[in-house]
Amino acid sequence: MLKNRVLQFLNRRGVIEVISLCVAILIWEMVAVFVIKDKGILPSPHAVFLAYFELFDLIPLDICTSLLHFAIGLGAGAVVGITLGMLMGWFRTANRALDAIIEVLRPIPPLAWIPFAIIWIGLTHSAAGFIVFIGAVFPILINTYTGFREVDKTYIDAAKVLGCEKESKLIRLVAIPFSLPYIATGIRVGMGVGWMCLVAAEYFGVSRYGLGYRLLCIFFPLQMMDRVVAYMILLGLIALVLDRVFRYFVDERLLKWKKGMVTQ
Amino acid sequence: MNHKLEIRDVTKTFETEEGELMALDRFNVGVKPSEFLCIIGPSGCGKSTLLRLIAGLDEPSSGTIILDGKELKGPSPDRGMVFQEYSLFPWRTVLKNVTFGLELRKMGKQERYRIAKECIELVGLKGFENMYPYELSGGMKQRVAIARAIAPEPSILLMDEPFGSVDAQTRNALQEELLEIWQRTKKTILFVTHSVDEAVYLADRVAVMTARPGNLIKCAGIDIPRPRKRTSVEANEFREKLLMWLSLERSKVQD
């Protein structure tokens, strides 16, 4: 009887998930307090928790600054990536002209662009945005390209027969809506890569605020490891929220017609 | 007799890796106004190629296609087409699929919706206007495809094995509905099929094609009065004749 009830309880949604999280935090606490005993090496969860209260004033400004860098990079990445992806997917000549250049640039790690970001743009928000841009643009470009390549010929034929002959109209009325799921996937992947670049991009003191700047340039040199962990968790949570919000918007609004089949 | 559509000496060759492939060889056929013409033949005989040429999606290598006394150039909404594959735009609702051709004519929204709703009702899908194609069955999808093709009021309807991928019962129902639409709208219909039963049930006249290169071997009128019974003696006799022509053709290919 009791065993059955316990099993029933465990089967409820979220129960096992919460328990496992709690156990992990508990083990972390135990190890930090009783084994390591040095908060410079492993700060305990309760110290991290307290750090959030101490940093209450700083956090909103840091988040806003980082989001600004992120938005600059992602926005530029989306505009450039989608435009080039569409051109290359639709026009064979554009593909042949640009493909080699892109294949040479693409494997360069985004962080290797930091020197030129600083030289070209200076220590500004846009310089951090530039690094995010380099990280985000290629996944967006390649996914958009793939979407345009995959446009079903039947849809093009059907549109032509219905009087849609101009290339610009075929792109607008057939290729773009068809490719939206691909573009959405590209942006999602680009968001992930861009966010990873963000922390390193802020390392160079492009601004006096920012999650990555605070973590790497202030907390770490001062050995405030509890605060480092607090910001690490914050960075993870914000990325998670951004991803969920994007997915919700795209799945529920933009891609209703593909319910259940979109962006895994 | 004035022809609605006339295909004169049309040849179509495709470039392939193994050299030139002749899909149609000096093909000739005429279609009368409001006629229901079925084109039947073995797979790969160029039936679909012929429809694509008439639709303006491909250009003939030589020869001319004349519609209403004018030579055809490129696709245009005076020819509607229903494809073998499901060709509904999955990102548009049923209603918006049907309005697609009307939007391109810069028709006002109210007018567009009114016509589209009429067409949707005509194919028996009233109440499904706001559904997306993924929510529809195969038969329903093809009904919407028919509604979409007739909404811009083409004078001729080209159908490329439209019921090829639906089950037998649905197929029969769709055939009956199509006849009803045809009788109501008086459209000229060119219907490609590989089903003898379908041709005998639907057509005023049936054109039998040879395999590669495609050519016409027989063009015969079916004067069984409508409404037809699928199992009537006359229908069976005609079916027998059609099958014989087709098998003659097949044995020629094998020799």
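Predicted model: local features only at pLDDT ≥ 70, side-chain atom pairs only at ≥ 80, totals over all residues.
1. Extent of the interface. On the chain B side, 26 residues are in contact with 20 residues of chain A, and the area buried between the two chains comes to about 2100 Å², of which carbon and sulfur atoms give 71%. In chain B, the residues that lose the most area to chain A are W91(B), L104(B) and Y134(B), which together account for 31% of what that side buries.

2. Polar and charged links. Between chain B and chain A the count is one salt bridge, in which the side chains of R52(B) and D157(A) meet at 2.7 Å, N to O. The count of residue pairs in polar contact between these chains is likewise given as one, with both residues at pLDDT 80 or more.

3. Makeup of the chain B side. The elements of chain B that give two or more residues to the side touching chain A are helix 1 (47-55), strand 6 (79-82) and helix 2 (94-103); strand 6 of chain B gives the most, with three residues. Sorted by class, this side of chain B has 16 nonpolar, four polar and six charged residues.

4. A helix pair within chain A. The axes of helix 2 (residues 15-36) and helix 3 (residues 45-54) of chain A come within 8 Å and cross at roughly 100°, so helix 2 of chain A is roughly perpendicular to helix 3 of chain A. Where they meet, I25(A), W28(A) and E29(A) in helix 2 face P45(A), H46(A) and V48(A) in helix 3, a contact that has four nonpolar, one polar and one charged residues.

Terms used: Residues numbered from 1 in each chain as written. Chains lettered and ligands numbered in written order. Heavy atoms only, no water. Contact = heavy atoms within 4.5 Å. Buried area = accessible area lost by both parts, 1.4 Å probe. Salt bridge = Lys/Arg side-chain N within 4 Å of Asp/Glu carboxyl O. Polar contact = N/O pair within 3.5 Å; in protein donor to acceptor, adjacent residues only side chain to side chain. Helix = DSSP H or I, 4+ residues; strand = E, 2+ residues; numbered from the N terminus. Nonpolar A, V, L, I, M, F, W, Y, C, P; charged D, E, K, R; others polar. Axes fitted to C-alpha atoms, helices over the stretch in contact; angles between N-to-C directions. Parallel < 35°, antiparallel > 145°, perpendicular 65-115°, else oblique.
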